[in-house]
Structure formats: structure tokens, C-alpha cells
Amino acid sequence: MAEVVVVGSGAFGIGVAMIAEECGHHVTIWSAFEDEITMLRTEREHKNKLPGVKIPETIEFTADLSCLSGADIAVIGVPTLFVRSVMKQASEYIGKDTIIVNTSKGLEDGTYLRMSQVIREEVSDSPIVVLSGPSHAEEVARKIPTTISAASEDEKAAARIQDIFSNGC
């Protein structure tokens, strides 16, 4: 069982968290917004982003980035605009063996760096895997057949992520 922390409580992050939880991993979702955390804990649903999708009771929620301490997997799912600032804050809690999984898409404004490059600038030692593909958050969360690819310079890390986030468990 892996300790998985999803940094960002958007639709895709929740969907990925639900897949990891279903496969037997311990999952925590982080949000910078305490009111959002309270709503998710209470309602077990993100009615604005994933209406009708119930979040399992075993998934935990927090607004404290120290939840990354000891995590095996850190899924980064914050909007592109905030990846650098969140990773700057998160870097002190991420161990060199923590696999960072980027799901944020796009390029950084001004530098035109890919999000994996931005993450690498803020966290120098951890393996980085990018999850991407022809999928939508609601498909992932509702377990509608879709495909997501795992890519990395670290083949072992990519294989581990592929295993952790595969529906077939």
C-alpha cells in the first residue's frame, strides 16, 4: 500500500485519488482553501466540479502541506498558474524517494516551461512522472473507460505510477 497525497482538489485530482483509493492505497487530498476542505469532508462530493460523484469515506482531506511528509506519491493537480508557488511551499516536505506525479497541463507564463520542468526547478531530487492523455476528469472519477499515459525519464517510477493508478489493480 502506498501513501498517496493529491495536491489540489480539482476534478481530475479527485478522480485520480479515487482510483488510488480503490486500488487499496491510503489517500489524502490537499487544498489551500479550508472552506473547500470542510465542504469535501462534510458532503463527500464536489458538487461544482463532480456533481453526483461520491468520494469514499477513507479519503482524507487537509489544508496542511506537511501531509506530504512521508508520502510515497505526490500528485500535483493544482492549476498551472499556481504550480511553482505551491511546489516552493511543498518542497520542504517532499522526500527524495517521493515520486512526484504531474497532472497540471500547459506552460508557465513568462518562462514557457512545461510543468514538469517547473517542478524540477523547485524539487531537485525526486523522480517526476507526468500523467496525461485523452481523458476528462469526469471520466476518470466516474470510471468511464479512458486512457492516461505515464511518462518519465525514470522508467521504474513511471511503471510504479502506472501500477498504482490502473483500474485493474
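This is a predicted model: local features need pLDDT of at least 70, side-chain atom pairs count only at pLDDT 80 or more; totals for chains, interfaces and linings use all residues.
Figure 1. Neighbours within four places in sequence are left aside here. I73 is then in contact with A2, E3, V4 and V5, with T98, I99 and V101, and with R160, I161, I164 and F165.

**Figure 2. The largest nonpolar core.** This core comprises 30 residues. Those with the most contacts inside it are V4, I59, I73, V75, I161 and F165. At least two core residues are supplied by each of strand 1 (3-7), helix 1, strand 2 (26-30), helix 2 (34-43), strand 4 (73-76), strand 5 (99-102), strand 6 (128-132) and helix 6 (155-164). Helix 1 contributes the largest share, eight residues. Another core, of 22 residues, lies apart from this one and includes V7, V78, V83 and I119. In soluble globular proteins, nonpolar side chains tend to be buried together.

**Figure 3. Helix 1, residues 11-22.** Eleven of the twelve residues of this helix are buried, so the helix is largely enclosed by the rest of the structure. The buried residues are A11, F12, G13, I14, G15, V16, A17, M18, I19, A20 and E21. Helix 1 is followed by G24, which has a positive phi, near 95 degrees.

**Figure 4. The ring of F12 and K105.** K105 lies over the face of F12, at 5.2 Å from the ring centre. F12 itself is one of the buried residues of helix 1. The structure holds zero aromatic pairs.

Terms used:
Residues are numbered from 1 along each chain as its sequence is written. Side-chain values use heavy atoms; hydrogens and water are left out. Helices (H or I, at least four residues) and strands (E, at least two) are DSSP runs, numbered from the N terminus. The expected span of a helix is 1.5 Å times one less than its number of residues. Buried means under 20% relative accessible area, exposed over 50%, partly exposed in between (1.4 Å probe, protein chains only). A nonpolar core is a set of buried Ala, Val, Leu, Ile, Met, Phe, Trp, Tyr and Cys residues joined through side-chain atoms within 4.5 Å. Contact means heavy atoms within 4.5 Å. Rings of Phe, Tyr and Trp (its six-membered ring) pair if their centres lie within 6.5 Å; planes under 30 degrees apart count as stacked, over 60 as edge-to-face and the rest as tilted. A charge sits over a ring if NZ of Lys or CZ of Arg is within 6 Å of the ring centre and within 35 degrees of the ring normal.
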